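User: I have a structure open here and would like to talk through how the inside is put together. Can we start with the core?
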Amino acid sequence: MTLDSLKKQTGAAAPLVILFLGMLAVMLTLAFKLAPPVFEHWQVEAVLESFEDDSDVTELSIAEIQKRFNKRLIINNVRSFNSKEWLYVTKDEDLLSIEVSYEVRVPVYRNVDAIFFFEKAFEKKI
């Protein structure tokens with residue numbers, strides 16, 4: 001390398017490094033704010049899917065199914081799920097249907113919110 005080529009080689013400029021670090025901070029902040037509702041929904045899905053393995057779920061009453069659902073949510077450490085508003089259990093003559101439908105609003109910055117819509121259903125023939 002010659003002296004002229006060393007003078008031409010420079011590193012990243014300070015404003016570029018600051019811009020990169022700022023963008024990284026914004027992305028990490030968004031990830032930390034938006035990840036918990038998604039992970040919590042995965043837990044809710046796991047609880048809903050656990051009813052597929054229950055052989056006696058078709059013999060239970062609607063109130064008992066809701067009670068078991070709530071207990072499994074507590075075991076999986078899901079505390080913000082409002083089962084009275086978001087859990088729908090219907091039992092017809094030949095079909096048991098358990099549906100979860102809800103939205104989660106996460107404040108991102110001042111008046112900017114991220115809204116997640118979650119839906120999952122389970123059906124089993126009686």
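Analyst: A nonpolar core here is a set of buried Ala, Val, Leu, Ile, Met, Phe, Trp, Tyr and Cys residues joined through side-chain atoms within 4.5 Å, and please keep in mind that this is a predicted model.

User: OK, how many residues does the largest nonpolar core have?
Analyst: The largest nonpolar core has 22 residues, and those with the most contacts inside it are V44, F51, I65, F69, F81, I98 and V100. At least two residues of this core come from each of α2 (14–50), α3 (62–75), β1 (87–91), β2 (95–109) and β3 (112–125), with β2 giving the largest share, five residues.

User: And what is F69 in contact with, leaving aside its neighbours within four places in sequence?
Analyst: Apart from those neighbours, F69 is in contact with V44, V47, L48, F51, F81, L87 and V100.

User: At what angle do α2 and α3 pack?
Analyst: The angle is about 135°, with the axes of α2 and α3 10 Å apart, and that makes α2 oblique to α3. The crossing of α2 past α3 is right-handed.

User: Which residues meet there, between α2 and α3?
Analyst: From α2, V44, V47, L48 and S50 meet F69, R72 and L73 of α3, so that by class the contact has five nonpolar, one polar and one charged residues.

User: Changing topic, where does N77 lie, and is N77 buried or exposed?
Analyst: N77 lies in the loop between α3 and α4 (83–86) and counts as exposed, because its relative accessibility is 54% and the cut-off is over 50%. Although N77 is not a glycine, N77 has a positive phi of about 60°.

Notes. Residues are numbered from 1 along each chain as its sequence is written. This is a predicted model: local features need pLDDT of at least 70, side-chain atom pairs count only at pLDDT 80 or more; totals for chains, interfaces and linings use all residues. Side-chain values use heavy atoms; hydrogens and water are left out. Buried means under 20% relative accessible area, exposed over 50%, partly exposed in between (1.4 Å probe, protein chains only). Helices (H or I, at least four residues) and strands (E, at least two) are DSSP runs, numbered from the N terminus. Contact means heavy atoms within 4.5 Å. Axes are lines fitted to C-alpha atoms, for helices over the stretch in contact, and angles run from 0 to 180 degrees between N-to-C directions. Angles under 35 degrees count as roughly parallel, over 145 as roughly antiparallel, 65 to 115 as roughly perpendicular and the rest as oblique. A crossing is left-handed if the near helix is turned anticlockwise from the far one by less than a right angle, and right-handed if clockwise. Ala, Val, Leu, Ile, Met, Phe, Trp, Tyr, Cys and Pro count as nonpolar, Asp, Glu, Lys and Arg as charged, and the others, Gly among them, as polar.
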